[in-house]
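Open the model in your viewer and keep the selection tool at hand. The stops below go from the whole chain to single residues.

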Amino acid sequence: MFKKAIVRTPGRSMVSGLTRANLGTPDYQKALEQHRLYILALETCGLEVLVLDADEAYPDSTFIEDTSLLTPHCAIITCPGAPSRAGETAGMRPLLGRFYAMIEEIKKPGTLEGGDVMQVGQHFYIGLSERTNLAGAEQLIAILERYGMTGSTVPVKGFLHLKTGVTCVAEKALLAAGAFISRPEFSEFMILAVATGEERAANCIRINDRILMPAGFPKVRELLTAEGAQIIEVDISEYAKLDGGLTCLSLRF
Ligand code: CIR
C-alpha cells in the first residue's frame, strides 16, 4: 500500500533533456499542466504528494524515479548511468532522510537508474540496460538481501529502461511489450501483451486499487479493463518526447 509520492516540477531546461524518441520538442507550458494533472491523479489514488522545486541545472530531473529506489525497508540512492544525470542524486540523502532511517547508495563503477527496477512484492527485477550495469545490479541485490528482500537481473533491449517495456499491474500480472512478452524470467506471471504500436503504454503504475495509464492507447485500456482494473488515464505527451513514462515522474512509497 503506497501512502506518499515525491515528484519534481519540470524546469524550462527540460526542452533540452535526453531523448531518442522522434516526437519533437516538449511544450513547456503544456508539460507543466500535464504535471499538475499527474499530481492530481496520484492524489486521487490516495497519495500525499510532495512536490519539489524545478532544478534547471538538470533538464531530466523531473524524471525523479531514476534517482532512488524506495523499498518498504530502506531507501537506496542510485548512480545514474547517463553522465548528464549523475548530479541529480546529490540532494536525495537529506530529502529521503525525512522518511527513511536506513539509506543505502549504489556506487561507481556500478550504475543503476530507478526506471530499471520493477518491484513485485519483496522481489526486485533489475534491467541490465544502457543505464544500469551488472556492477550496479549486483550492488543492489546485495543491499536488498541485507534487508530480507531479493533481486534478479533481466536483459533490456529495444527499450530505455526495464519498466519502459514491462510493469506490474496486479500481484501476478505483468503488462509487457516487445521482447518482454516472452522472457523466461517472467514465465510465472500472467502476461498482458501490449499490441504493436501501443508499446508506450506498457509503462503503467499500479497504485493501491487503481492503475494509472498514459492517455491515447485504446487497446491497452481494453486489456486492463477486461482484467477489472480501475483506470485513470493521464496525458503525458510532453514527457514521452523525452522517452519518459508515467513511472519516471514519481517516487512512490
Ligand atoms: C532520460 O533519458 O534519462 C530521460 N529523458 C527519460 C528518463 C525516463 N525515466 C524512466 O523511464 N524511469
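Contact here means that heavy atoms lie within 4.5 Å. The model is predicted.

**Whole chain**

Start with everything selected and coloured by secondary structure: the chain holds six helices and 15 strands. Show the C-alpha trace and orient the view along its principal axes; the trace spans about 45 × 40 × 35 Å. The radius of gyration is 17 Å, which agrees with the value near 18 Å that a compact globule of 253 residues would have.

Next, colour by accessibility. Buried residues account for 53% of the 253 residues. For the charges, select the 25 positive and 30 negative ones; their mean positions are 2 Å apart. If you draw the contacts between residues at least 6 apart in sequence, 68% of them join residues at least 24 apart.

**The three-stranded sheet**

Select E1, E2 and E15. Together these three strands make an open sheet with mixed pairing, in the order E2-E1-E15. The edges are strand E2 (48–52) and strand E15 (251–252), each of which pairs on one side only. Zoom in on strand E1 (residues 4–8) and E15: the two run antiparallel and are joined by two bridges. To find one partner pair, pick Ala-5, whose bridge partner in E15 is Arg-252.

**Ser-13**

Move on to the loop between E1 and helix H1 (28–44), where Ser-13 is located. Is Ser-13 buried or exposed? Its relative accessible area is 15%, so Ser-13 is buried, the cut-off being under 20%. Which residues does Ser-13 touch, leaving aside those up to four places away in sequence? Select Asp-55, Glu-56, Tyr-58 and Pro-59 to show these contacts.

**Glu-104**

The last stop is strand E5 (residues 103–105), which contains Glu-104. Glu-104 has 15% relative accessibility and therefore counts as buried. Leaving out residues up to four places away in sequence, display what Glu-104 touches: Cys-74, Ala-75, Ile-76 and Ile-77 are among these residues, as are Ile-143, Arg-146 and Tyr-147. Finish with a distance label from Glu-104 to Ile-143, C-alpha to C-alpha: the two are 7.5 Å apart in space and 39 residues apart in sequence.

Key
Residues are numbered from 1 along each chain as its sequence is written. This is a predicted model: local features need pLDDT of at least 70, side-chain atom pairs count only at pLDDT 80 or more; totals for chains, interfaces and linings use all residues. Side-chain values use heavy atoms; hydrogens and water are left out. Helices (H or I, at least four residues) and strands (E, at least two) are DSSP runs, numbered from the N terminus. The radius of gyration is taken over C-alpha atoms; the globule rule is 2.2 Å times the number of residues to the power 0.38. Buried means under 20% relative accessible area, exposed over 50%, partly exposed in between (1.4 Å probe, protein chains only). Lys and Arg count as positive and Asp and Glu as negative; His and the chain ends are not counted. The place of a charge is taken as NZ of Lys, CZ of Arg, CG of Asp or CD of Glu. Two strands pair if DSSP finds at least two bridges between them.
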